[in-house]
Amino acid sequence: MDFDIRRTLTRLARGRREAADSEEERTDERPVRTDGGASSTSTSASGRTSRWTRLRHSEAVQAIPFWLPPALLMGLFVYGAISWNLLISLTDWSSLLQPDYTDLSLDMYRQMPDDKSFRAAFRNTVVLLVAFTGVSLAIGLVLAILVDQNIRFENTFRTIYLLPMALSFVVTAIFWAWMYNPTTGTINVVLRGLGLDFLTRNWIGNPDTRLAAIIFALTWQFSGYAMVVYLAGLRAIPDAHYEAAKVDGASTFRMYLRVIVPQLSAATTSAAVVLMVFALKAFDFIYVMFGDNPGRSADILAVMMFRVAFSRTQWAYGAAVATVLFLLALTVVGPYLYLQYKRGDL
Amino acid sequence: MALVESETADETPDGTLERLDTQRIALYVVLVGLIAFYLSPLWGGMTTAFKTDAGFVQTTPLIPPTPEWFTLAPWQEAFGRLQGGLLNSVTFVVPATVLSALFGSLAAYGLTKLSWRGQVGVLVIFLAGVFLPYQSVLVPLRQFWSMVGLADLLSFAPFLAERVDLIELTITHTAYGIPICTILFRSYYKGMDDDMIEAAKIDGANAFGIYKRIVFPLSLPMFAVTLIYQFTQVWNDLLFALVLVSSRSNYVVTQSLNELQGSLAQEYNIQMAGAFIAALPTILIYVIFGRQFAQGITGAS
């Protein structure tokens, strides 16, 4: 069953037709496998190869050892865990004892509309999703267009704009908590330096600006990602499109607005979906800055879920909040995956 | 916003010289201004980390310390507190990264290079895992590991039993890394030339032989991308560690850093030094392997 790579390469050089010929020869020469008890599964119509042999050589069977172990591991932790979470959310488990799976109800979900802290967390999550994604996309697009102007040191600029993405939320939260410090933080110091004292404030201490401050810092961390996606999109647009727009006498701004940006819709969609997923995962950042209770002004579902389940041991309610978060992700990602599937990108 | 026309007239035929007009100058001013914005937290953190306790309060942030305020003490203090976390992180991040990349490569091979019905269906199952908010698995995850009782199973080896949190973390991160690793390898395998594989098939190689002798060696560049991506993700994670690692001696670096931040509310110089120490591995990887890093993060979309 083994093969020799040099012989393979030689055969490649000789061309496929010849190779195909030799395949027939080899098939004839191939000894019939009758090893093990499998031989009892009888022979095929031609009588030369057993069904067992053909089964062993079918790629569907050969593929199984490759994808099945990872699929099982992932299936257990991803799909098994999500189903289990759903089941837990139907119990009333809220102690250190074990959950009771015999008494299921939608009670946890029914109490959500009346829970002020849930409503605040839900609202903030949606605001975060929309504002963070929108701002990051806009900044990413501008960055990509600027970097795409045949500039020198393009690599250096790109590398620096993308650098924050290499950092963990823990690290960026520490940096930004310091940036936002009302007295010694860079933001207020710079504002004072520019004579804009009236703009200074306690950015993360003040409930009115807390969520905006979080969104701003997250945008700093992830706009480079949108830039990279947009750059790839821009590079895929043929030069002729730019030239045609110029011949038509369009200004640079109009050219981008009317000709170039519409062609970036695929990049926009995929970047938007990934950014929204980042936003849904922004737990680490808020947790490091504020602990598990950032207050109504900045609470998001991801943080609320952790607080409710792991600090207050209201496991069932935590699981229900987690389900809402999962459904929110599904409404974003589901249509995207379907679209990809329709386009044949899967 | 300065939008600049990139006319070919700006460049000589060999493209080495360009005429600097006002628009070009404005473009570079904006680009450098943006660099200042993207680097300001890091630059500010760096200057703060070298200042004495009195220094970071009394001097201007972003301005490097003068000799009277300069000190290395915050770095020593932060390193002392993060040492254990750094070591624990290395011990679980490396195996988790390698295992998830290997599983991803094997799965992607089985799902692209071998032809069988239902491939796309299985692939969608893999793909959907990428977009999961981890909150929706946390409670079952904690239940699962407490039910498995890995610590009891490992009681024959006290050293491993003490590190059970980290072993759980390794397996968990491996499992959740599989979807993205599969996607990364799949896009690479889709573009791979099939001639060699077909020739090997003709020579009677089976699927495993083809993977071992041809596909795996050819995947090494993609292994670099995937390992870099996964290393960054797993090293930077805090959430799973919070749920699975309870004993302080097993704290990973993000946990140690979070604790340092919490216990030293206003000691910004030590916090900043700690942030840099914890981020150093990923920053180094990013600076050295920038292209692979970018390839990895965009491969997810």
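Helices (H or I, at least four residues) and strands (E, at least two) are DSSP runs, numbered from the N terminus. This is a predicted model, in which local features need pLDDT of at least 70, side-chain atom pairs count only at pLDDT 80 or more, and totals for chains, interfaces and linings use all residues. Residues are numbered from 1 along each chain as its sequence is written, chains are lettered from A and ligands numbered from 1 in the order in which they are written, and side-chain values use heavy atoms, with hydrogens and water left out.

**Stop 1: the annotated domain.** Select residues 122–338 of chain A, to which an unreviewed UniProt entry assigns "domain: ABC transmembrane type-1". The chain there is 74% helix and 0% strand, with its end C-alpha atoms 25 Å apart.

**Stop 2: helix 13 of chain A.** Next select residues 265–280 of chain A, the 16 residues of helix 13.

**Stop 3: the largest cavity.** A cavity is a set of points, on a 1 Å grid over the protein atoms alone, where a 1.4 Å probe fits but cannot get out; lining residues have an atom within 4 Å of a point. The structure holds four cavities of 30 Å³ or more, and the largest contains about 730 Å³ of space, a volume being the space filled by probe spheres set on the points, which are joined across faces, edges and corners. Of its 34 lining residues, select A:Phe278, A:Lys281, B:Tyr134, B:Tyr229 and B:Gln233, which lie nearest its centre. Helix 11 of chain B gives the largest share of the lining, six residues.

**Stop 4: the second largest cavity.** About 40 Å³ of space lies here. Residues of both chains line this cavity, among them A:Ala166, A:Val171, B:Trp235 and B:Thr282. Helix 14 of chain B supplies the largest share, three residues.

**Stop 5: B:Asn250.** Finally, select B:Asn250, in the loop between helix 12 (239–244) and helix 13 (253–263) of chain B. B:Asn250 is buried, at 1% relative accessible area. Leaving aside residues up to four places away in sequence, B:Asn250 touches (heavy atoms within 4.5 Å) B:Asn88, B:Glu162, B:Arg163, B:Asp165, B:Leu166 and B:Val245.

Definitions and conventions. UniProt positions renumbered as here; feature names shortened; annotations may be inferred. Buried < 20%, exposed > 50% of the residue type's maximum accessible area, 1.4 Å probe, protein only. Expected span 1.5 Å × (residues − 1). 1 Å grid on protein atoms, 1.4 Å probe; cavity = no way out; pocket = protein on both sides within 12 Å on 5 of 7 lines; lining within 4 Å.
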